[in-house]
Amino acid sequence: MESISVFEIIKVGIGPSSSHTMGPWNAAAAFIRIIKRERSIEEVKEVFLEFFGSLAKTGIGHGTDIAGMLGLNGEDFKTINTSKIDEKIDYIKSTQTINLGGEKVIPFIYGHHLILNMKKSLDFHPNGMIFRAVFEDGTELVQDFYSVGGGFIASQEKNSIQKQCVRTLYPCHKASDIAKYCEKLGFDKISDLIFMNEESWRTQEETRQEALYIWQQIKECIYKGVNKEGILPGGLNVSRRAAGINRKLLGDKIYKNKDEWFQQVVDAEENFTNINKWIACFALAVNEENASFGRIITAPTNGASGVIPAVLMYAQAFTPFTSEDDIVRFLLVAGEIGTLFKKNATISAAMGGCQAEIGVSSAMAAAGLTEILGGSVGQVLMAAEIAMEHHLGLTCDPIKGLVQIPCIERNTMGAMKAITAANIALESDPTKAKVTLDEVILTMWETAQSMSDRFKETSEGGLAIAVNVPEC
């Protein structure tokens, strides 16, 4: 089993969905690379893209079609000016052309070259897509891709096409591995073990800098979210709420940038109700940004991107554990817990429902928080288990396929559960626990396999059909 870096689980992304937006975008970029490897962009006459299954059924709401076009157009979601996305898509549609790989303009008619096939699913995974390039000499290049959660992509030929297989010095594929190696090496902090394993990808200083970069991106995203009013795109007419909560909690206090704003939050009146509202505000801010094609931190997915930022911001604003070292250790442990679910279950809602997104993010956040609050190795793993245990069976049933209802509020619930799970674990003896983290991960996967496809991001069950709203 290959090792996964924590920064493949927690990374810079773009809304609204890691599996339905980032995955197809990554697949389009990968297809461009395959064309260049096999032939050349200049030889391409036409390119076709067909989405299947969950990608097709909720594709419009998740911006799957947009992601596919922008990926083929040579755009990078890590650097694109998100305010220009609508303009770029309008140009592709109005001119009926696409600048393939940013190198050659070819015909591209939406509905002909890009199709959302809602009647068929590919066997390998619910999030399937097929790219086809037709060359000037009439030959073709066809490649299937599958978006398997968190922006990761795969093909039937290769389990993952994004990276070479890496094996760490102390491979941690299960929670029991983490406990075993921490005991063997005499580590009382899980983050010490992860620091060592991350050296398979980068130096410890580079790992530290990447974590702090992630933290700055989290602050930037929350700051943008708490300062934007209005209606979210997509047709549901969902109002942004983070800005109103922020304004009410800060009153007439003035700030000019994210650092001044953060200090105002730290200095604000602290009581249970206000802190509770701040946590909700942080999570809402991130997911409102996510819902509007904003740049966010995927952790482990976009639909669950508000949980870890909310809990880490809570720790920085309302606990004594506010050092850069605490930030780094929180993110390393949170990311490592995410890898366990990725390897042994799923982080894809199309495979496992929302337990695979909010549930996993809550477990990650609970572990990270417990780590910096002084929890033992056993307590950290216990916190993750508690958080997931109380998300088991959670369905993914977004209304109209938009990552808005119930997704945005669900992040606030995941954050609250993470904090509660950490507090319970810190007051508990993990040797007396009746359920281990490995057992709850296995249970989550078994639950996912038993869950009806209607509740796996297809918008064919639950709230998605129980609530009648006008067509988007």
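Predicted model: local features only at pLDDT ≥ 70, side-chain atom pairs only at ≥ 80, totals over all residues.
1. Largest pocket, size and centre. The largest pocket holds about 940 Å³ of space. Its lining comprises 40 residues. Those nearest the centre of the pocket are I60, G61, P233, G234 and L402.

2. Largest pocket, position. The lining takes residues from domain 1 (20-147) and also from domain 2 (175-466), so the largest pocket lies between the two domains.

3. Largest pocket, make-up. Four helices each give at least two residues to the lining: helix 4 (59-62), helix 5 (64-72), helix 6 (85-95) and helix 12 (272-291). By class, the lining residues of this pocket are 15 nonpolar, 14 polar and 11 charged.

4. Cavities, overall. How many cavities of 30 Å³ or more does a search of the whole structure find? The search returns 2.

5. Largest cavity, lining. The residues that line the largest cavity are S17, H62, G303, C354, E357, C396, P398, V403, C407 and E457. They divide by class into 5 nonpolar, 3 polar and 2 charged.

6. Second largest cavity, lining. Here the lining is made of S3, I4, T168, Y170, C172, I194, N197, E198, W201, E336 and K343. Of these residues, 5 are nonpolar, 3 polar and 3 charged.

7. Second largest cavity, helices. Helix 8 (190-198) and helix 14 (324-344) each contribute at least two lining residues. Which helix gives the largest share of this lining? Helix 8 does, with 3 residues.

8. Annotated span. An unreviewed UniProt entry lists residues 190-464 as "domain: Serine dehydratase-like alpha subunit". In the model, 62% of that span is helix and 1% is strand.

9. N246. This residue sits in helix 10 (residues 242-250). Is N246 buried or exposed? The relative accessibility of N246 is 2%, and buried means under 20%, so N246 counts as buried. The N246 side chain has a polar contact, at 3.1 Å, with the side chain of Y255.

Note on methods:
Residues numbered from 1 in each chain as written. Heavy atoms only, no water. 1 Å grid on protein atoms, 1.4 Å probe; cavity = no way out; pocket = protein on both sides within 12 Å on 5 of 7 lines; lining within 4 Å. Points joined across faces, edges and corners; volume = space filled by probe spheres on them. Nonpolar A, V, L, I, M, F, W, Y, C, P; charged D, E, K, R; others polar. Domains from an automatic or database assignment. UniProt positions renumbered as here; feature names shortened; annotations may be inferred. Buried < 20%, exposed > 50% of the residue type's maximum accessible area, 1.4 Å probe, protein only. Polar contact = N/O pair within 3.5 Å; in protein donor to acceptor, adjacent residues only side chain to side chain.
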